[in-house]
Amino acid sequence: MSKPIREYWPEYYDTILDFLKLAETEDVEIQSLEAAVNQLLNDQFVLTSGYEAIKRREKMLNIQADPTTETLDFRKKRIINRYSTKPPFTIRYLQDRLDFLVGEGKALASVDVQNFILWIETAIEDAALFRELEYTVKATKPANLIYNQKTALLDEIILEEHIAKRDINRQSRLGTTWRLGTMPFATLGPEVVIK
């Protein structure tokens, strides 16, 4: 922050009330101007940009952002990814882009040269990050390769065993008072848990 404006005036003005009040309001305006200039300088770079500058860059890149589910840091990372997606493209370049987006070692790119298939194996739970990964792969892969995604999320299944029994009372014996269509074939007793 710059010095108060009173320090630039002759001392004669320090005794006049109008100039003192003017200096207070000018200091507020100068601070506001400094903040706006600093924000303008910060907006020149993606990593230090504010919310409005990120919105403007997304509009320029035709990115439909969802501010309710996407953080500002992820949106900055997506813009950097779009700016840095430039040819020539190699498998090493694609792996570098995947490491930048998802994290080191969390996504693996491989090519089946004989069958012309590009495999991407990853475990992503974030839908916005998955869409950006898919955009990056489709923008960098050659036209003669088929893109296949291997998603490997870790799930656990827990089994519990319960044993129960229920007595069945058959009522459909021939030669008794049982009548077809008017009485049930059998009635079930209460369920008893054994284990």
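Which side chain does a polar contact of 2.8 Å join to that of asparagine 81? The partner is glutamate 132, where a polar contact is a pair of N or O atoms within 3.5 Å, of which, within protein, one must be able to donate a hydrogen and the other to accept it, and residues adjacent in sequence count only if both atoms are side-chain atoms. Before I go on, please keep in mind that this is a predicted model, in which local features need pLDDT of at least 70 and side-chain atom pairs count only at pLDDT 80 or more, while totals for chains, interfaces and linings use all residues. Residues are numbered from 1 along each chain as its sequence is written, and side-chain values use heavy atoms, with hydrogens and water left out.

Let me stay with asparagine 81 for a moment. Asparagine 81 sits in helix H3, with helices (H or I, at least four residues) and strands (E, at least two) taken as DSSP runs and numbered from the N terminus. Its relative accessibility is 0%, so asparagine 81 counts as buried; the cut-offs are under 20% relative accessible area for buried, over 50% for exposed, and partly exposed in between, with a 1.4 Å probe and protein chains only. A second polar contact, of 2.7 Å, joins the side chain of asparagine 81 to that of threonine 136. Leaving aside residues up to four places away in sequence, asparagine 81 touches Arg97, Phe100, Leu101, Glu132 and Thr136, contact meaning heavy atoms within 4.5 Å.

That brings us to helix H5. At 1.5 Å a residue, the 14 residues of helix H5 (residues 127-140) should span 20 Å, and the end C-alpha atoms are 20 Å apart, which agrees; the expected span here is 1.5 Å times one less than the number of residues. The buried residues of H5 are Ala128, Leu129, Glu132, Leu133, Thr136, Val137 and Thr140, and what covers them includes helix H3 (72-83), helix H4 (91-102), strand S2 (117-122) and strand S3 (146-151). At the start of H5, a side-chain oxygen of aspartate 126 comes to within 3.4 Å of the backbone nitrogen of alanine 128.

Now the charged pairs. Side chains of opposite charge can pair when their charged atoms come close. With a salt bridge defined as a side-chain nitrogen of Lys or Arg within 4 Å of a carboxyl oxygen of Asp or Glu, a search of the whole structure finds 8 of them. One joins the side chains of glutamate 132 and arginine 82, at 2.9 Å from N to O. This pair links distant parts of the chain, with glutamate 132 in helix H5 and arginine 82 in helix H3, 50 residues apart. Both glutamate 132 and arginine 82 are buried.

The side chains of glutamate 134 and lysine 138 meet at 3.5 Å, N to O, and both residues lie in helix H5, 4 residues apart, about one turn of the helix. Glutamate 134 is partly exposed, with a relative accessible area of 26%.

Arginine 166 is partly exposed at 41% relative accessible area, whereas glutamate 191, at 51% relative accessibility, counts as exposed. There is also a network of salt bridges that links Glu58, Glu70, Arg75, Arg78 and Arg131.

What about the loops? Threonine 68 is in the loop between helix H2 (51-60) and H3, and at 71% relative accessibility threonine 68 counts as exposed. Its side chain makes a polar contact of 2.7 Å with the side chain of aspartate 66. Asparagine 62 also lies in the loop between H2 and H3; although asparagine 62 is not a glycine, its phi is positive, at about 55°, and the residue is exposed, with a relative accessible area of 68%. Phenylalanine 116, in the loop between strand S1 (107-112) and S2, likewise has a positive phi, of about 60°, without being a glycine. Phenylalanine 116 is partly exposed, with a relative accessible area of 42%.
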